[in-house]
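Reader: I would like to go through this model and ask, term by term, on what grounds each label has been given.

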Amino acid sequence: MIEVVLEWLDAHLHLISVFWLFPILFMFHDFEEILTVEKWTKQNKEHVLAVLPKSMRKYFYSSFHMTTLQFANDVFWIFLTITTATFLAVIFSFYYIFLMLLFIFFAHVFTHLGQALYLRKYTPGVITSIVLVLPYSSYTYYRLLKEQVIGGTDILWSMIGAIIILPILFLFLVNKRNKVTKTVAEDRSNVKY
């Protein structure tokens, strides 16, 4: 069954289309998050904080005060990065950044699944992770390897690069969100009624 699907996709989907599906599917995935994250965090803040280890709570505290607009702003910059990486891959055959982002996209599926299983409830992004992100990222790896656009070492180096850069990006975002949360709290305390 899987072989038939792969053969059909290979015959009907040009490799350039496979590349350009990345920013498109990223946005479909993030639409699910954008549309649900603010309401979900307000409704589930207490539950999430209760099940998180105390040492981890400080890293997620700012996420519970993020608005849809703030989240969409972060998504915009990620989308721009993915689109640029896709452009570089398609036009200049420079695949390294694309592969790093593809690995993060692929690994992100398991973050969503882990969150949903850990919390034992729906979490924003879990549906499109399973339905879109996992099949797309798996197929893209398969297709790039099959057509010998990349090799196993390219995937390995992009994974290493992503693993190095992810903690830096995470700490940057946490720091940025903490500053925004602090600024909003200060603005609210200065308002006189």
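Reader: Which residues is Ser137 in contact with, once its neighbours within four places in sequence are left aside?
Author: In this predicted model, Ser137 of helix H6 (residues 126-146) is in contact with Leu102 and Phe106, where contact requires heavy atoms within 4.5 Å.

Reader: Why is Ser137 called buried?
Author: The term buried applies under 20% relative accessible area, and Ser137 has 0% relative accessibility, so Ser137 counts as buried.

Reader: What makes Thr41 count as buried, and which residues is Thr41 in contact with?
Author: Thr41, which lies in helix H2 (residues 15-51), has 7% relative accessibility; this value is under the 20% cut-off, and therefore Thr41 counts as buried. Leaving aside neighbours within four places in sequence, Thr41 is in contact with Ser63 and Phe64.

Reader: What makes a set of residues a nonpolar core, and which residues have the most contacts inside the largest one?
Author: The residues must be buried, of nonpolar kinds such as Leu and Phe, and joined through side-chain atoms within 4.5 Å. The largest such core has 32 residues, and those with the most contacts inside it are Phe19, Phe22, Phe98, Leu99, Leu102, Tyr136 and Leu144. Two or more residues each come from H2, helix H4 (68-92), helix H5 (96-119), H6 and helix H7 (152-190), with H2 giving the most, 9 residues. Apart from this core lies another, of 6 residues, including Trp40 and Phe64.

Key:
Residues are numbered from 1 along each chain as its sequence is written. This is a predicted model: local features need pLDDT of at least 70, side-chain atom pairs count only at pLDDT 80 or more; totals for chains, interfaces and linings use all residues. Side-chain values use heavy atoms; hydrogens and water are left out. Helices (H or I, at least four residues) and strands (E, at least two) are DSSP runs, numbered from the N terminus. Buried means under 20% relative accessible area, exposed over 50%, partly exposed in between (1.4 Å probe, protein chains only).
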